[in-house]
Amino acid sequence: MDDSMKMCSENVNFFYGRQQALKEINLNILPNKVTAIIGPSGCGKSTFIRLLNRMNELVPHTTLTGRIYLDGQDILMPCVDPVEIRRRVGMVFQKPNPFPKNIFENISYGLEVNSIRNKRFIEERVVESLKKAALWDEVKDRLYDSALNLSGGQQQRLCIARCLAVKPEVLLFDEPCASLDPISTRKVEELILELKKDYTIAIVTHNMQQAARVSDYTGFFLLGELIEFDKTEKIFKAPEDHRTEDYITGRFG
Amino acid sequence: MACLSWKRGRGPSSCRAQFLGEHMARVKEKLYEWIFAALAFSSLVFLIGIVWVLCKESLPIFSRVPLGSFLFGKFWYPTYCPPEFGILPLILSSVWVTLGAMVVCVPLGVGSALYLNEVANFRQRQILKPMIEILASIPSVVYGFFGVVLVTPFLQKVFSLPTGMTALNASFILGLMATPTVCSLAEDALSYVPRSFREASFAVGADRWQTLIKVVIPAAGSGISTAIILGMSRAIGETMTVLMVAGGAAVIPKTLLEPVRPMTAAIAAEMGEAPMGGDHYHALFAIAFILFIITFVFNIVAEIISRRFRIKLGISR
Amino acid sequence: MKRDIIQKIGFFSLFLSILITFSFLGMIVYFIFSRGLPVISWDFLTQPPRNAMTEGGVAPVIIGTVYLTLGSMIFAVPLGLACAVYLCEYSPKSFVVNVIRISINNLAGVPSVVFGLFGLAVFVKFFGFGVSLLSGSLTLGILALPLIISASQEALIAVPYSIREASLSLGATQWQTIRRIVLPTAFPGILTGVILSIGRVAGETAPILFTAAAFYKRGYPKSIFSEVMALPYHIYALMTEGAHPDKQRAIAYGCSLILLFLVLSISGVAIFLRQQQRSYHG
């Protein structure tokens, strides 16, 4: 491990009310790599990834201790604006959540709220993002149709395109394929591998095969603890902790 | 861990510099929040304002008439010399008229709601429910007008009375008026009863009527009672109908076939003539205050019952 | 067999109750329409009253109702909407917020005549607006406030949380999220609520009895400080005041018809819209 890591959590503890959801999490996310977080449901993996762009703040009665760094800067410091962090760290959610607007507006929205007014620029960026998200060919003739008319898989890729338009540095995926069919899932996975060239990616998944397919590094969460974190091949071929092995071989979870 | 080796130089000071531009935006955000909070509090201010105004304007009367003889005095002669301020006749009139209205609107309203929810098919419900909701918006003055021109002569003829403007008339019209409200609210409560309750009952061989009586009505019972209480609250606070058809005699009613003067009617009819700041004026405010307390209690009770209902059926809102 | 008969009787009595309800309500509507229609004419709708309310039209009365309703909405819609936005979007779930919620619920249950007295004491007397369009509008506005707040709250709650999250995750501020995502999505629901409360306010009489209404006023209201004639109050006054009850009664039928038509069509539109939205949301 070296200085070039993109994000890093340091002794992170997180509580819902009095219940501890995360215990002493230390995890690094390397640039231009895909980091997968796996574990049984309720292990805190989604909770953790939401800390990385401070989405946790939307939930009341929670406490967070520890530090989370983005490019060496502690993003939990009170002087840091969460809005600014969310511009740099984008997020794709479990269920596709397009806005009830048309396809074009869905993507331009992120630019407009970041005070970009130049029409030409916005148009170019919309096309570029749709192309990057491998959605352009499917929607280029109906950019002004409601995004809600797209299929589930298309909606999810639209959400990815929407994220890309803001040009974040890190992309967080919170079980992006949980509600998708196998074909859409494959498309999203291919997309993630493609995006890795330009972005740092963290993905939460309960699907181990998915983690094996797309990620370079994998962290295994259990009951709010990070049990093991290593190169994906190592985790899947020769895990050090027996609990990781039990999970990966399907003995529980 | 490795992050410890990061250049800690980019600490607070550089952080401040980097985000100075963001500072204004954050102040603006906070400002919006405060504006909305301030506006939200104004609704609280209005409620407190109403209580305060009612208090302030009604207190002077109690220095002239003790509370006991105000509430239980049998004579309401505000314009006599010396005046008498006993509002028992008004309270009893309100009670009579409201109870009479309940006799009309509870069976009709709840019965209609049960029909809509249990008997009517999907198409019928799609048409009838919105119709009930639209009819619920008929203004009270129209009901009053209807009562004056049609029901009054009818009652006068049937019971050969000196006047058709009686407690009975007011009860009937008020009941009719509260029916759509009660029906609509009760139907909402019934629709919250989960389908699984009914299926469980059918599964043990109950027919639809038994299911309705033994499962659905008990399950929706507190929701239905909320509907009835709110209907009652609406009936007791209703003004124009009773002002127009109740007859307006401020005496303690003995039968439903006599003219009565409920509290709301007294306020509406007499405020115009009461000299501002006089005893009569303050007495009318005191009546309004009592009315306010009554409806306040009704609403709180309805709120508590409906909250329990929601918890019972596991509805989060 | 016996069970069958009981069920039949039971369902028949339920059918009877809805039949009675609809026949009485239908009777009211039919009665007003059948007696009122002969009175309605172009002149009735466009002319001012003549000969001490016994002839002529009711144009200023209709205009007065429109002014009062608009005035109350100008006051109540922004305030109510802001209140709903605060409660749904900003408010922490604290004690104070609960107090606001409870006070709104109770405000909704206050009898309309009590609002009238409040308006009389505060707007007419204390602020010295007198019996005027302004006092009446403000009083009606307070009456409409809880209706608008609860309708808007319902519409805001119906906006899925996930799209708020999506907006925030793109780096939008909370205000941007509210203004550009939440409010547009909730707009149809809010509109329905506003239209419903317009229907309610237009038919209210008791709150304007002492704050705005006049039985007879020459010409149209000139400023927000002038008294106004209004349909609901006019019906009441025609039935209880004046010197020629018979001639006035005909006009009262006409006014009732206009008011009923206005209110039923306004709430009809609102409920139709709501029905559409429900089927849209599935």
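I take a salt bridge to be a side-chain nitrogen of Lys or Arg within 4 Å of a carboxyl oxygen of Asp or Glu. The model is predicted: local features need pLDDT of at least 70, side-chain atom pairs need pLDDT 80 or more, and totals for chains, interfaces and linings use all residues. Residues are numbered from 1 along each chain, chains are lettered from A in the order written, and side-chain values use heavy atoms, without hydrogens and water.

**Entry 1: salt bridges.** I looked up the interface of chain C and chain B and found three salt bridges. One of them joins R274(C) to E133(B), with the closest N and O atoms 2.9 Å apart.

**Entry 2: the side of chain C.** I noted that helix 1 of chain C (residues 2-36; a DSSP run of H or I, at least four residues) gives the largest share of the side touching chain B, 19 residues. I then sorted the residues of that side into 55 nonpolar, 18 polar and five charged. Here Ala, Val, Leu, Ile, Met, Phe, Trp, Tyr, Cys and Pro count as nonpolar, Asp, Glu, Lys and Arg as charged, and the others, Gly among them, as polar.

**Entry 3: contact.** I recorded 78 residues of chain C in contact (heavy atoms within 4.5 Å) with 80 residues of chain B.

Notes
Helices (H or I, at least four residues) and strands (E, at least two) are DSSP runs, numbered from the N terminus.
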